[in-house]
Amino acid sequence: MLAPVALLAFAALAAILGPHLLLRAEWVQRAPGWGVLAWQGLTASIVACVALFGLALAAPLSPLADQLARLCRTTTPEVVEHYMTPAGTWLTHLAVLGLAALVLRLSWMTAATVTNTVRGRRAQLRLLQLLGREHDGGFVVIDHARPLVYCLPGLRQRVVVTSAALQALAPLELELVLAHERSHLRSRHDIALIFAQVLRRAFGPLRVFRTAHEQIAILVEMQADDAARDPHCLARALVTLGCGAPQPGLAAGDVAAVARVKRLTGPADPWSPRTGMAVFAGTLALLAVPMLLALTPMIGMVLTGCETVLG
Amino acid sequence: MKQLGQLEAVVMHRLWEWARPASVREVLDDLQRDRKIAYTTVMTVLDNLYGKGLVSREMDGRAYRYTAAMSRETHAAGLLEDVLAQSPDRGATLLSFVGQLSEHDQVQLRAALSQLDEKQ
């Protein structure tokens, strides 16, 4: 009985406290790569809690109980005794259904998201072939009045620059912007974004997943910004392109852009490897706790000694 | 298949350039100046483009005359709509360097940059 309750409590705590802490933590924007890992660890931990909650409730069911007994070197009746709830077998069956639904939902969301993404990229590539021309700098140019730069991740990667952007940017600025885009492609930031998007769509109503997706999107941009060897110049390029296509009455535009410019033009804060290790350890702990909580009944049994086996 | 895509691009460029209805024969004659290509290939390409909605056609005597369905600019605008659209549910189809700044932010950031330039 303890395990499922503890798991839900931890999930709730993580979902409420986690974003609160990460949004205010200074180090997140200082080392955006670690920030992304932290957000991923947080959301993965919550999903693990939910899955293990279901597994803990379903544990008394015979195939699962047998497996668990073998794992902890005990007997099936022991497992059943420690994981059965007062509610009885109907709850265990419900839990199995719930788990199946969870697995199906996640699988479906992943497949749908990946398919949409691939389809979107393919359509873009087709139009690029039609409208674009290859530039010596290793990118595609499209004739357009608005200055835009973007990249298409995937197997057939492209960096796209509009003719207006080519005119608006100084040679060094263009070089830095290209470095930023290529950093996205190299680091496969799109995969991190896809995972975050899948979790957001699968667990929609829970705010933590939406926040995580938004924050990861901002942090990967900051991480790509760090690929530029001249941060002030990149900041200039950000403002040039950000002011490019006037849309009067646009209340809230790209909010991340302001944070990015501040970050690029502010003092360079030192990053100690110790903080990195702390983040890594923290993330591992976040992922380990659900496992431990799920196994508490078994741990309790081991501690009280194998009385049933002996006596 | 990839070659066909390249040919489609070449044919579309011709149609955009001429900005008038063209028959398969006219397109073929122009393309043959640069490469060896069969009538049936050009016909297939134009047929594909028609199927994709990129060109429209009308009967002129016994043959079709093809026109680009949309101007090049409109096409480009359509392509870049995805990029400009800032949806909160950001997909990972493409990654834009920066979105459009609000007027307030434009003023604020321009001021911050000019301060920086003065310091240097």
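Is Asp143(A) buried, partly exposed or exposed? Asp143(A) is partly exposed, because its relative accessible area is 38%, which lies between the 20% and 50% cut-offs. This is a predicted model.

## Salt bridges in chain A

Over all chains, the structure holds 16 salt bridges. Asp143(A) takes part in one of them, pairing with the side chain of Arg133(A) at 3.2 Å, N to O. Arg133(A) sits in strand E1 (residues 133–135), while Asp143(A) sits in the loop between strand E2 (139–142) and E3, so the pair ties together parts 10 residues apart in sequence. Arg133(A) is also partly exposed, with a relative accessible area of 45%.

A second salt bridge joins Asp190(A) to Arg121(A). The closest N and O atoms are 3.0 Å apart. This pair links distant parts of the chain: Asp190(A) is in helix H9, Arg121(A) is in helix H6, and 69 residues separate them. Asp190(A) and Arg121(A) are both buried.

## Salt bridges in chain B

In chain B, the side chains of Asp30(B) and Arg33(B) form a salt bridge at 2.4 Å, N to O. Asp30(B) counts as buried because its relative accessibility is 11%. Arg33(B), at 64% relative accessibility, counts as exposed.

The pair belongs to a network of salt bridges that links Arg14(B), Asp30(B), Arg33(B) and Asp34(B).

## The interface of chains A and B

Chain A puts 62 residues in contact with 45 residues of chain B. The two chains bury about 4500 Å² between them, 65% of it on carbon and sulfur atoms. Gln129(A), Leu130(A) and Leu131(A) supply 15% of the area that chain A buries against chain B, more than any other three residues.

No salt bridges are found across this interface. There are 11 residue pairs in polar contact between the chains. Several elements of chain A give two or more residues to the side that touches chain B, among them helix H6 (89–131), strand E3 (149–152) and helix H8 (171–187). H6(A) gives the largest share, 10 residues. By class, this side of chain A has 31 nonpolar, 18 polar and 13 charged residues.

## Cysteines

How many disulfides does the structure hold over all chains? The count is zero. Cys151(A) is in no disulfide; the nearest cysteine sulfur belongs to Cys233(A), 20 Å away. A disulfide needs the two sulfur atoms within 2.5 Å.

Cys151(A) counts as buried, because its relative accessibility is 0%. Cys49(A) is buried too, with a relative accessible area of 1%.

Note on methods
Residues numbered from 1 in each chain as written. Chains lettered and ligands numbered in written order. Predicted model: local features only at pLDDT ≥ 70, side-chain atom pairs only at ≥ 80, totals over all residues. Heavy atoms only, no water. Buried < 20%, exposed > 50% of the residue type's maximum accessible area, 1.4 Å probe, protein only. Contact = heavy atoms within 4.5 Å. Buried area = accessible area lost by both parts, 1.4 Å probe. Salt bridge = Lys/Arg side-chain N within 4 Å of Asp/Glu carboxyl O. Polar contact = N/O pair within 3.5 Å; in protein donor to acceptor, adjacent residues only side chain to side chain. Helix = DSSP H or I, 4+ residues; strand = E, 2+ residues; numbered from the N terminus. Nonpolar A, V, L, I, M, F, W, Y, C, P; charged D, E, K, R; others polar.
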